[in-house]
Amino acid sequence: MRKLVLLALVGLGAQLVDGSLGMAYGVTSSTLLLAIGANPAAASATVHLAEIGTTLASGASHWRFGNVDWGVVLRIGIPGALGAFAGATFLSGLDTRTAAPLMSLVLLTLGVYVLVRFTVQGLRRDRLGHPLRSRFLAPLGLVAGFVDATGGGGWGPVGTPAILASGRLEPRRVVGSIDTSEFLVSVAASTGFLLALGTEELDLAWVAALLGGGLVAAPVAAWLVRHVPPRVLGSAVGGVIVLTNGRTILRGDWLDASDGARWAVYAVLSVVWAGAVAWSVRAHRAERAGLDRELAELEDAEAARRG
């Protein structure tokens, strides 16, 4: 019972982050399932089954708040579904001893990407309103869908920063469109896992717990996307993913590091993580201060013109 409550809380927290940042539900949930001993393919299947419900609720909430570009949803979601089905089939065919460290390595890579992307880089605004081409969205969706299924998450970490970096769509519509298109990816990945694995290795109680927490958080996250600083949240989530999956790899058969080496790495990662969050908070405050100064200057200029 305690495990189910924990899973529900993780589902709630992961959906709050995912719905406001456009990523991290799958990566966060899969990381926890691996940590408690789930089969890698079964962990990814569990997450994707839960995501069918959470992404549907999240998409509806984002649509209600005007955060969805339906053209982007279709042009990235359909190729993403094809990639997810292929990724689910690939992961299901791997031996568990091979799949576990491989999945953790994928999640670690995604975590590093999220941490660096949101700590170091700001969001481009000079291309806002320019069209997003299918020749960009279709390959992006195919790769992101494959990574999502094989890593237990990755649709958001791959898709959201790529579209944000283009600067052609305002951040809230990027998050809303990625979250909504993830419904197609979740359905395709779940279908691939069920065809390859059946239901014997799935714990439907785990699915229900993750789903329940995610459904509670979905409408709140769609509202929060207008208020939560992406840089700070991205740094925080990226650090959690890096630290957790780094621990899995260090303790696994690939490295089997000694206790002293593991704790030294944990300490370094923790310091880097804390520094990244502090840097993001500082950068966000500086951006806000700059915007406030620009606004004050515009108001002073307008007052002088009228006077």
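Which residues does I163 touch, not counting residues up to four places away in sequence?

## Basis of the model

This is a predicted model, in which local features need pLDDT of at least 70 and side-chain atom pairs count only at pLDDT 80 or more, while totals for chains, interfaces and linings use all residues. Residues are numbered from 1 along each chain as its sequence is written, and side-chain values use heavy atoms, with hydrogens and water left out.

I163 touches V72, I76, L132, F136, L137, L140, R168, L169, V174 and I178, with residues up to four places away in sequence not counted. Contact here means heavy atoms within 4.5 Å.

The largest nonpolar core has 24 residues, of which V72, I76 and I163 touch the most other members. Two or more residues of this core come from each of α4 (70–92), α6 (134–151), α7 (155–166) and α8. A nonpolar core is a set of buried Ala, Val, Leu, Ile, Met, Phe, Trp, Tyr and Cys residues joined through side-chain atoms within 4.5 Å. Buried means under 20% relative accessible area, exposed over 50%, and partly exposed in between (1.4 Å probe, protein chains only). In soluble globular proteins, nonpolar side chains tend to be buried together.

## Helix α8

Helix α8 spans residues 171–197 and contains S186. Helices (H or I, at least four residues) are DSSP runs, numbered from the N terminus, as are strands (E, at least two). S186 is buried, because its relative accessible area is 0%. Apart from neighbours within four places in sequence, S186 contacts H48, E51, I52 and T55.

R173 forms a salt bridge with D69 (3.9 Å, N to O). R173 lies in helix α8 and D69 in the loop between α3 (40–64) and α4, so the pair ties together parts that are 104 residues apart in sequence. With a relative accessible area of 22%, R173 is partly exposed.

## Helix α11

Two salt bridges are found in a search of the whole structure; the term requires a side-chain nitrogen of Lys or Arg within 4 Å of a carboxyl oxygen of Asp or Glu. One of them joins R262 and D259, whose closest N and O atoms are 2.3 Å apart. Both residues lie in helix α11, three residues apart, about one turn of the helix. R262 counts as buried, at 12% relative accessibility.

The whole structure has one aromatic pair. The ring centres of W263 and Y266 are 5.2 Å apart and the planes are at 85°, so the pair is edge-to-face. Rings of Phe, Tyr and Trp (its six-membered ring) pair if their centres lie within 6.5 Å; planes under 30 degrees apart count as stacked, over 60 as edge-to-face and the rest as tilted. W263 and Y266 also lie in helix α11 (residues 259–306). W263 is exposed at 59% relative accessible area, whereas Y266 is buried at 11%.
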